[in-house]
Amino acid sequence: MPSFGPLLENWTPEQSERMEKAIFVANHRLQELEMFSDTSLAELIDRHPAHALGINTMGRDPAVNEWQEGLRGDLSAEDLLESARRGRVWLNFRRVMDYHREYHDLVHALYDELESVCPGMFTFNRSANLLVSAPGAQVYAHVDSPLNMLWHVRGVKRVWAYPLETGIVSAESIEKSLAGDKAEEIEFNPEWDDLAVVYDLQPGEMVTWPQHTPHRVQNTEGMNVSLSTEHFTKRALRKVNVYLANKHFRTLLPGDFRSTELDGFGPAFKEFALRIARRVPGIRPAPTKGFEYPVSFQVDLDAPDCIRPLDPQKAEAAPVS
């Protein structure tokens, strides 16, 4: 693995203690790396598998979900990147570390350094998406399944994170999202912003929060580039398994199966029983379904916001991963 040098900057014992337990911002040095320059990003567009490159746009009202999937068409990599500079285009290089050795090494170096400064932290199932998005683009309020961190590299984005103790997202909503019965987005109420922890994220800053914390993002300045990393710990995986076990065993057994407690014999047994059930034909849970958005536009530098709508009769579904 190549040496990137120290990737974290000015981390304190207090920040290390808060990791995965609180909403907070810390510093990093990713913005100094050449791999996030325009030249490197354009080259990455052509190297990244087309099926793993999300091309998206969205509306302007955070309370109305208008997320759409689109097509590159015959645009060059430079032109597609240009659409993220001046249009309303969001590029998602899904699972970037799976396809590109330099990002594989970078993400593992980040996590290895995190584990070295956070005593007792042990992560697995590490993954990452590289996000390149236009000024004004937004991500609607949603809940992620794993633990995640947003490492900001270029531009400025505002992040609203809604503490779990506000109770704005229900256990039922989380359960349906984890099972793939609904998209990860949640119905947003603008009044929630009064409850949010809000940051204007600058290059060289990372924001993170406890697992399943609702959050949304709005770009406020320039083309934005961020690395979104996800991981599990034993406790985070148990949390997901407890939700999935509740859903599955309500269909098989009498009883409520709605407790989301993670400590003690009961949650441990739920997780164990779910693992056994996954191996037994007849009681095996159905595979988690992937939510699909329709492909409804093509990127066009001459169109408003660089978005040219497609004929609805020709729209196709695109998987979200």
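I began with the surface and found a nonpolar patch of about 770 Å², made by Leu252, Leu253, Phe265, Phe269, Phe272, Ile276, Val280 and Ile283. I note that the model is predicted.

From this patch I took up one of its members, isoleucine 283. I located isoleucine 283 in the loop between helix 8 (265-277) and strand 12 (292-299). I read a relative accessibility of 35% for isoleucine 283, so this residue counts as partly exposed.

I then turned to serine 83. I placed serine 83 in helix 3 (residues 77-86). Setting aside neighbours within four places in sequence, I listed the contacts of serine 83 as Arg88, Val89, Ala134, Val299, Leu301 and Cys306. I also looked at its side chain: a polar atom there lies 2.5 Å from the backbone oxygen of leucine 80.

My last entry concerns serine 177. I found serine 177 in helix 6 (residues 171-179). Its relative accessibility is 19%, and buried means under 20%, so serine 177 counts as buried. Again leaving out neighbours within four places in sequence, I recorded Val143, Lys182, Ala183 and Glu184 as the contacts of serine 177.

Note on methods
Residues are numbered from 1 along each chain as its sequence is written. This is a predicted model: local features need pLDDT of at least 70, side-chain atom pairs count only at pLDDT 80 or more; totals for chains, interfaces and linings use all residues. Side-chain values use heavy atoms; hydrogens and water are left out. Helices (H or I, at least four residues) and strands (E, at least two) are DSSP runs, numbered from the N terminus. Buried means under 20% relative accessible area, exposed over 50%, partly exposed in between (1.4 Å probe, protein chains only). Contact means heavy atoms within 4.5 Å. A polar contact is a pair of N or O atoms within 3.5 Å; within protein, one must be able to donate a hydrogen and the other to accept it, and residues adjacent in sequence count only if both atoms are side-chain atoms. Patches are made of residues with over 30% relative accessible area and no salt bridge: like charges are joined within 9 Å, nonpolar side chains (Val, Leu, Ile, Met, Phe, Trp, Tyr) within 5 Å. Accessible areas come from the Shrake-Rupley method with a 1.4 Å probe; for residues, only the protein chains shown count as cover. A salt bridge is a side-chain nitrogen of Lys or Arg within 4 Å of a carboxyl oxygen of Asp or Glu.
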